[in-house]
Amino acid sequence: MDQERVALFAALLGIAVTAAPAGPIQFRDVAAEAGVDFRLENHPTAEKHMIETMAGGIAVFDYNGDSLADIYFTNGAEIPSLRKTSPKYWNRLYRNEGGMRFTDVTAGAGVAGSGYDMGAAAADYDNDGDVDLLVVGVFRLTLFRNRGDGTFADATRSAGLLQRDWAVAAGWFDYDSDGQLDLFVVNYARWSLDFDTFCGDPDRGLRAYCDPSRLTPTANRLYRNVGQGRFEEVSGPAGIGAHLGRGMSVAFGDADGDGWIDAFVTNDNLPNFLFLNREGEVFEEGGLFGGVALLQHGEPVASMGVDFRDYDNDGLPDLAVTALIAETFPVFRNVGGGFFEDATAPSGMALLSNRHSGWGIGLFDLDNDGWKDVFTANSHVNDVIRNFEPTTPYREPNTAFANRGDGSFEPADDGLAGSPRAHRGCAFADFDRDGRVDVVVASLGDRAELWQNASPGRNSWLNVRLRGTRSNRDGLGAIVEAAGQANPMTSAVGYASSSHDGVHFGLGVAERTEVRVRWPGGRVQGFGTVEANRVLEISEDR
C-alpha cells in the first residue's frame with residue numbers, strides 16, 4: 001500500500017492517524033438467548049431448481065425509530081407454487097428490545113411476504129423519516145412502505161414496481177442527485193419452473209444444481225424515483241439494460257472521484273459490471289477497462305457478494321468480493337480515476353480465501369483499530385459437491401480476516417470455527433450499542449446466527465448518523481471523513497443484503513477526532529472535533 005498517500009490524505013483532513021495495538025477479533029453466537037429463532041426454508045427438491053440454493057438475504061435497519069437496529073430475514077416458499085403456504089415460509093422481522101434481546105413482530109408489522117423471496121434493501125425512499133424496505137425474489141418485487149407506527153403498507157403497485165424477473169438483490173442510491181432515492185434491481189437469469197435439465201452424474205443418479213452457464217443472462221433494471229411514491233423504469237435510456245449478465249449483488253461508490261455515485265454488479269461466471277455514472281444522465285459500463293470485470297488471470301469467477309469501501313485508508317473506495325473455492329475472494333484496489341488493480345494476492349486474500357466458498361461479505365472495522373477488516377459468510381453452492389470433489393466442503397464456518405494496519409489481511413482469532421452451515425446472506429450493525437460491529441447470518445435449512453462482537457480491548461469508536469435536508473433523508477451516497485478514513489453512507493452491503501446502521505469508524509486509541517461530510521452533490525460540511533465512543537447525529541446544512 002502507498003503509505004505516503006495515506007499520510008497525505010490524513011494531513012489534508014488535519015488529522016493524525018493514531019495506531020492501535022493489534023488485538024484479536026472474537027465473536028460468540030447469541031441467537032438462541034437473544035430470541036432470534038429464524039430458520040431459512042428454501043424448500044429443496046429432487047429437481048434441484050437453481051432458486052433453492054440462492055435464497056438468504058437479510059436487512060438490518062431501525063424500523064421503529066428507537067435508534068436500535070432491527071433484523072429482517074427473507075425466506076423461501078413452496079415449490080412449484082412459489083407461495084408462502086405456511087408461516088414457516090414467512091419472512092421475519094425481529095424488533096431489537098435492547099440488551100441483545102429481540103422479539104418477532106412479523107405479523108403485527110405486516111411484512112411476512114407472499115412469494116419466494118431472496119434479497120432485501122432498506123432505505124427511506126419517500127423521505128418521511130421512516131426507513132422502508134424493498135424485498136426481491138422469484139418473479140416479484142415487494143415494496144413495504146413504513147407507516148411510522150410500527151407497521152408497513154404494501155406500496156408495490158402504487159409505486160409502479162411490477163417487474164416479473166427473477167431478482168436476487170437490490171440497492172438504493174440517488175444516481176441523479178435530486179434528493180430522491182432511486183432503485184437498482186439485480187436480476188440473475190431467464191428461468192422458469194419448466195427448466196428441468198439434469199445436471200450432475202446420471203450414471204450414479206446424482207443430480208446437482210446446474211452450472212450457471214446453462215441459464216441465459218439477462219439485464220438488470222434501474223428505476224428512477226419521480227416523487228409522490230412512484231418510480232419509472234429507465235434501464236434502457238440510462239444504459240443499464242444494454243448489458244446482460246447473471247447478477248448476484250450490487251454496491252455503490254464513487255469509483256472515479258467525479259462526485260457521482262457509480263454501481264458495481266457482481267456476475268456469476270461472467271465479467272462483473274462497473275456502471276460509471278455520467279452526471280446523472282446515463283451510465284457507461286467500464287468494468288473491463290477499469291480492471292474489475294475479471295481477475296488478473298483474465299477469467300470470470302462466480303462473483304457473489306460485494307462491499308465497496310476503502311480498506312487501505314488512502315481515501316479511495318475499493319472492492320471486496322466473494323467467490324467459490326479455488327477462485328479466491330477478489331480484492332480490487334482503487335488507484336484513482338475509475339481504475340483498479342487486482343490486489344487479491346498482495347492483500348493476502350488469495351492465500352487466505354483459496355479454500356473457501358463465500359456469499360455474504362462486509363468491510364467493517366471489527367476491532368476498532370482504525371482499519372477495516374473482512375467478514376465472509378461461507379458455503380459452497382452445491383449440497384452434493386463432495387460426491388464430485390471429495391475435498392471440497394459444502395457447509396463451512398464463517399471467516400473473519402484482520403487488517404494488519406497496512407491494507408493486508410491475516411486470519412483473525414474469531415471464534416467462528418464451530419459453525420459449519422450453508423451460509424448465505426449476512427448483515428452488519430452494532431446491535432447492543434457497545435461500539436463494536438456485530439453480524440447476523442442466514443443459512444439454508446438451518447437457524448440463523450447472531451454473532452455478538454466480543455473482541456477484547458478498549459479501542460475507541462464513532463458511529464455517524466446522517467440526516468439529509470437538501471440530499472435524500474438517509475444521506476445515502478455521502479462520504480464521512482474521520483481519523484484519516486473515508487467511509488460511505490450506504491445500505492447495499494454483501495450478498496442480497498442490506499446494512500442500514502449509520503457509518504461506523506474505529507478510532508484506535510484516539511479520544512476524539514475531526515469529522516467532515518461530503519454530501520451527495522458535492523457540498524462539504526465540517527463539524528470540528530468530536531468526542532469518541534458515541535453516536536453522532538448530523539443534519540445537513542441547508
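The model is predicted, with local features needing pLDDT of at least 70 and side-chain atom pairs counting only at pLDDT 80 or more, while totals for chains, interfaces and linings use all residues. Residues are numbered from 1 along each chain as its sequence is written, and side-chain values use heavy atoms, with hydrogens and water left out.

Across the whole structure, 24 aromatic pairs are found; rings of Phe, Tyr and Trp (its six-membered ring) pair if their centres lie within 6.5 Å, and planes under 30 degrees apart count as stacked, over 60 as edge-to-face and the rest as tilted. The rings of Phe 38 and Phe 73 are stacked, because their planes are at 5° with the centres 4.4 Å apart. Buried means under 20% relative accessible area, exposed over 50% and partly exposed in between (1.4 Å probe, protein chains only), and the table gives this area for two residues of that pair and two of another.

| Residue | Relative accessible area | State |
|---|---|---|
| Phe 38 | 3% | buried |
| Phe 73 | 0% | buried |
| Trp 166 | 1% | buried |
| Tyr 188 | 0% | buried |

The rings of Trp 166 and Tyr 188 have centres 4.9 Å apart and planes at 55°, so this pair is tilted. Ring pairs also link Phe 173, Tyr 175, Phe 184, Phe 252, Phe 273, Phe 275 and Phe 283 into a cluster.
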